Amino acid sequence: MNVIVDTIIFLGKFLYYFLESLVYKIIPKNKKKVSGEIVLITGAGSGLGRLLAIHFAKLGAILVLWDINQEGNMETFRLVKETGDVKVFAYKCDCSNRQEVYRVAGQVRKEVGDVTILINNAGIVTGKPFLDIPDHLVEKSFLVNAFAHFWTCKAFLPAMIKLNRGHLVCISSVAGLVGIKGLSDYSASKFAALGFAESLFLELTMQKKTEIKTTIVCPYLMKTGMFDGCTSKYSFLLPSLEPEYVAKKVLDAILEERVYIIIPKFAYVALILKQIISTKMMIALGEYLGADTFMASFKGREKANELQSEPERKHQ
Ligand SMILES: NC(=O)c1ccc[n+]([C@@H]2O[C@H](COP(=O)([O-])OP(=O)(O)OC[C@H]3O[C@@H](n4cnc5c(N)ncnc54)[C@H](O)[C@@H]3O)[C@@H](O)[C@H]2O)c1
């Protein structure tokens with residue numbers, strides 16, 4: 001009897017939410033207001049993090065900028081200040097260092113307040129074939145791209161839980177959905193970040209903390225410099241993305257409180273096909289799209305990995 005009642009309730013909910021999602025496709029949800037929200041962005045010193053900081057500043061948010069690269073972070077600080085009368089705080093923080101994350105998080109709570117939107121964006125890539133990656137860089141990839149998300153969430157989630165209010169944003173990657181040749185440590189760490197964010201989202205939802213939102217972002221190649229040298233084989237199918245275009249998409253996804261965003265939409269096709277076609281078909285598709293040559297001319301950011309262990313300082 002219970003099975004029948006349960007199944008009817010489930011089917012009712014399933015149909016209701018299906019219709020609800022169709023309605024939201026036609027009438028977009030109202031965007032949430034972020035004026036006065038405390039937005040912390042890790043890896044704010046360049047690329048996507050910097051652009052997101054500028055967008056949030058224009059919407060009246062209070063910005064907390066974290067980066068291991070103090071020079072880049074201060075440049076973002078300056079650009080954010082230029083947008084008008086904004087409150088912005090910049091901290092040097094190596095997100096791969098658990099003790100440093102907790103210490104700087106304590107400083108932020110004392111000097112700025114409780115973070116209400118946490119954007120885990122800092123990332124690194126080694127870009128070498130598996131056997132050429134030094135062990136310490138495998139560990140570093142996981143520390144920056146995945147473990148750092150655990151430490152920042154441990155630091156800022158308790159205050160969100162108290163108020164049942166907040167937003168966790170995970171910047172993963174298309175490489176966190178599909179393994180890419182030559183990116184074994186990067187792909188694996190991005191899968192880990194996505195898995196952590198998805199799992200935490202479900203945990204919070206089942207605990208009825210439904211006003212703590214989650215957004216998981218999976219972009220394809222962006223022209224920020226992180227993947228310098230890499231090119232897309234058929235740009236009409238999978239174009240290298242303009243960082244500003246991605247930043248706007250990510251901002252909209254956060255404001256509309258969407259859980260997943262994959263950019264561009266074509267990447268959804270690869271994700272669905274991966275589940276249903278044979279491995280040989282998948283490899284043929286990968287070769288057609290240039291997945292075998294994607295990393296061949298990778299240069300990346302010079303010295304990006306050398307920055308990883310400087311001492312911490314703060315600016316305001
Ligand atoms: N560029 C791409 O093609 C691409 C594609 C998909 C996903 N992503 C992801 O998007 C995010 C932003 O990338 P981006 O392209 O703007 O790269 P980016 O190199 O411009 O920015 C990354 C920032 O993270 C900072 N950072 C690195 N290690 C850190 C650490 N230990 N502690 C604190 N900060 C640290 C860097 O200093 C830098 O400012 C990353 O997570 C990246 O993996 C990038």
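Analyst: Two strands count as paired if DSSP finds at least two bridges between them. The chain crosses from β2 to β3 through helix α3 (residues 70-82), and this β-α-β crossover is right-handed. Right-handed has a set meaning: with the strands pointing away from the viewer, the path from the first strand over the helix to the second runs clockwise. Within the pair, L63 stands opposite V88 in β3.

A few ground rules come next. This is a predicted model, where local features need pLDDT of at least 70, side-chain atom pairs count only at pLDDT 80 or more, and totals for chains, interfaces and linings use all residues. Residues are numbered from 1 along each chain as its sequence is written, and side-chain values use heavy atoms, leaving out hydrogens and water. Helices (H or I, at least four residues) and strands (E, at least two) are DSSP runs, numbered from the N terminus.

Now look at β3 itself. It runs over residues 88-92, and five of its five residues are buried. Buried means under 20% relative accessible area, exposed means over 50%, and partly exposed lies in between (1.4 Å probe, protein chains only). In a regular strand the side chains alternate between the two faces of the sheet. In β3, V88, A90 and K92 are on one side, with F89 and Y91 on the other. Both faces are covered, and every one of these residues is buried.

Step back to the loop between β2 and α3. I68 sits there. I68 is buried because its relative accessible area is 11%. Its C-alpha atom is 9.0 Å from that of T42, 26 residues away along the chain.

Strand β4 (residues 117-120) runs parallel to β5, and four bridges join them. L118 has L168 in β5 as its bridge partner. Together, β4, α5 and β5 make a right-handed β-α-β unit. From β5 the chain crosses through helix α6 (residues 184-206) to β6, and that β-α-β crossover is right-handed too. β5 and β6 (residues 212-219) pair in the parallel sense over six bridges.

β5 covers residues 166-171, and six of its six residues are buried. G166, L168 and C170 are on one side; H167, V169 and I171 are on the other. Both faces are covered.

The expected span of a helix is 1.5 Å times one less than its number of residues. α5 (residues 135-163) has 29 residues, so it should span 42 Å; its end C-alpha atoms are 41 Å apart, which agrees. The helix also has a kink of about 45°, centred on F147. The bend at a residue is the angle between axes fitted to the seven residues ending there and the seven starting there.

Next comes the loop between α5 and β5, where N164 is found. N164 follows α5. Its phi is positive, about 45°, although N164 is not a glycine. With 22% relative accessibility, N164 counts as partly exposed. At 26% relative accessibility, E257 is partly exposed.

I263 and P264 are joined by a cis peptide bond, with omega about 0°. P264 is in the loop between β7 (260-263) and α8 (266-276).

Finish at the ligand. It has 31 residues around it, and the closest are D67, Y186, M222, T224 and R301. A residue counts as near if one of its heavy atoms lies within 4 Å. A polar contact here is a pair of N or O atoms within 3.5 Å. An oxygen atom of the ligand is 2.6 Å from a polar backbone atom of M222. An oxygen atom of the ligand is also 2.8 Å from a polar backbone atom of L48. A nitrogen atom of the ligand is 2.8 Å from an N or O atom in the side chain of D94.

How values were computed
Polar contact = N/O pair within 3.5 Å; in protein donor to acceptor, adjacent residues only side chain to side chain.
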